[in-house]
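Here is the note on this structure that was asked for.

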Amino acid sequence: MKTINVNLEKRSYPIYVENGLIKEIPSILKDHNKDQKWIIISQHRLMEFFGFELMNQLKQAGYSVDYITVPTGETAKSILEFNRIISQMIEMKCDRSTTILALGGGVVGDAAGFVASSFMRGIDYYQIPTTLLAMVDSSIGGKTGINIAEGKNLVGAIYQPKGVFVDPTILESLPKEEVVSGLGEILKYGAIKDATFFSATSQHLENIDAFPFEDAIARSCEIKATIVSQDEREGGLRRLLNFGHTIGHALEAHFGYGQIRHGDAVSYGMISAGWISKELGLLKKDDYKTFKQSILRLPLPILNKFDPVSLLPFIKNDKKTISGQLHFVILNQIGSADTTEKVTDELLLNSMKIIQ
Ligand SMILES: NC(=O)c1ccc[n+]([C@@H]2O[C@H](COP(=O)([O-])OP(=O)(O)OC[C@H]3O[C@@H](n4cnc5c(N)ncnc54)[C@H](O)[C@@H]3O)[C@@H](O)[C@H]2O)c1
Ligand SMILES: [Zn+2]
C-alpha cells in the first residue's frame with residue numbers, strides 16, 4: 001500500500017492508495033471507532049456498487065453505520081440538499097462524535113465535506129473517492145463547498161479530512177468519458193511538476209485500458225499533497241494547480257455545467273495556456289508542439305463552435321482573479337509552472353482560437 005502524507009501539523013492526514021483497499025477500511029479505521037455513529041454519504045447507484053458492501057463489512061466489524069444518499073449531478077451541491085442531509089443526521093441522532101465517510105466523486109466529496117465542516121461546528125470525515133478526478137484532485141486538500149444561484153462553489157470551507165482511501169479498482173465501473181476527464185488532471189500534475197511523469201502518462205494514453213492507474217494516481221496525489229502542505233489556503237504555490245483552469249472554467253461556464261466535463265475543459269485550457277506560454281517566449285516552440293500533441297492523445301470530445309469574446313467575461317469573473325488582476329498559470333517548460341500577470345485580452349482571445 002502506498003501512503004502519502006498531507007503535512008499540515010495538527011490537521012495532517014494520510015492518503016492510502018491500493019487496489020482493493022475498500023475492503024481494508026474497517027480494519028484501518030479500527031482505532032478510530034469509539035462507538036460513535038458513522039454515516040456514509042453517497043449516491044444511490046454508488047451504494048449499490050460498493051456502499052452496501054462497505055456498510056456490511058463495517059457492521060460486521062462492530063461499527064454503528066447508517067447512510068444518506070444525495071442526487072447525482074451538481075444538484076447534490078445545493079443549499080436544499082445541504083439542509084436535507086443535516087436534517088437527516090439530526091433525525092439519526094448524530095452528534096459531535098459522528099464521523100462521515102464521503103463515498104463518491106467530487107460532487108459527493110464537496111457536499112459531504114461541507115456538511116462535515118459545519119455540522120455541530122465541525123465533525124470528522126474521510127474521503128473515499130470513486131471517480132478518477134476525485135481520486136487525484138477533489139478528495140485531497142480540504143476544499144469543500146456547495147453552489148448557489150450566483151455561481152459554483154461560492155459557499156464553502158477549507159476543512160481537511162482525517163484520511164483519504166483511494167481504491168483504483170473502483171474505477172472499473174466508471175464510464176470511459178469520466179476516466180478521460182480525470183486523465184486530463186493527471187496530465188496537469190506532470191505538466192506543472194514532473195516532465196518524466198508527463199511524458200510517461202501521455203505515452204500510456206495510447207492504450208487507456210492498460211493505463212497504470214495505481215501508480216499514476218499515487219504520483220498525482222503526491223504532487224498535490226506536497227503543494228497543499230506548503231500552501232493550504234492558496235496564497236501562492238497552490239495556484240499552480242489551476243493550470244489550464246482559467247480557460248477551462250470559462251469553457252464550462254460558457255457551455256453550461258454538465259455540458260462539458262471538467263477535466264476535458266481543463267485539457268483544452270491547458271493547450272491554450274501552453275500556447276500563451278510559447279507566445280510569451282517561455283515555453284520553447286518544439287516543447288509546445290510536444291505538449292499539445294501529448295494532450296491531444298486523450299480522446300477529447302470535439303468542442304462546439306464558440307466566440308472567444310463571449311468567454312472573456314467568465315475569465316474576468318473567475319474566482320482566481322484577485323482584485324481584478326488575473327494570475328495566469330504558465331509553463332516555463334514542461335514540468336515547471338509559474339504565474340504571470342502579463343496575459344493580455346488579445347493573447348487570451350488568440351489562445352482560444354487554436355482550440356476551436
Ligand atoms: N474540492 C476540490 O478541490 C475540487 C476539485 C475539482 C473538482 N471539484 C468538484 O468536483 C465535482 C466534479 O466531480 P466528478 O467529476 O467526480 O463528478 P461526479 O461526482 O458528479 O461524478 C460523475 C458521475 O459518475 C458517477 N460515478 C462516480 N463514481 C462512479 C463509479 N466508480 N462507477 C460508476 N459511476 C460513478 C457519479 O454518480 C456521477 O454521476 C464538481 O462539483 C467540482 O466543483 C472539487
Ligand atoms: Zn480541476
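Which side chain does Lys143 meet in a salt bridge?

1. The side chain of Lys143 pairs with that of Glu234, N to O at 2.7 Å. A salt bridge here is a side-chain nitrogen of Lys or Arg within 4 Å of a carboxyl oxygen of Asp or Glu.

2. This is a predicted model, in which local features need pLDDT of at least 70 and side-chain atom pairs count only at pLDDT 80 or more, while totals for chains, interfaces and linings use all residues. Residues are numbered from 1 along each chain as its sequence is written, chains are lettered from A and ligands numbered from 1 in the order in which they are written, and side-chain values use heavy atoms, with hydrogens and water left out.

3. The chain splits into domain 1 (2-173) and domain 2 (176-353), with bounds from an automatic or database domain assignment. Their C-alpha centres are 27 Å apart. Each domain gives 27 residues to the contact (heavy atoms within 4.5 Å).

4. Between them the domains bury about 2,400 Å², 65% of it on carbon and sulfur atoms. Buried area is the accessible area (1.4 Å probe) that two parts lose on being put together, summed over both. Leu132, Val136 and Ile158 supply 24% of what domain 1 buries against domain 2, more than any other three residues.

5. Four salt bridges are found across the interface of domain 1 and domain 2.

6. In the loop between strand S4 (64-69) and helix H3 (79-91) sits Ser78 (helices, H or I, at least four residues, and strands, E, at least two, are DSSP runs numbered from the N terminus). Ser78 touches Ile146 and Asn147, not counting residues up to four places away in sequence.
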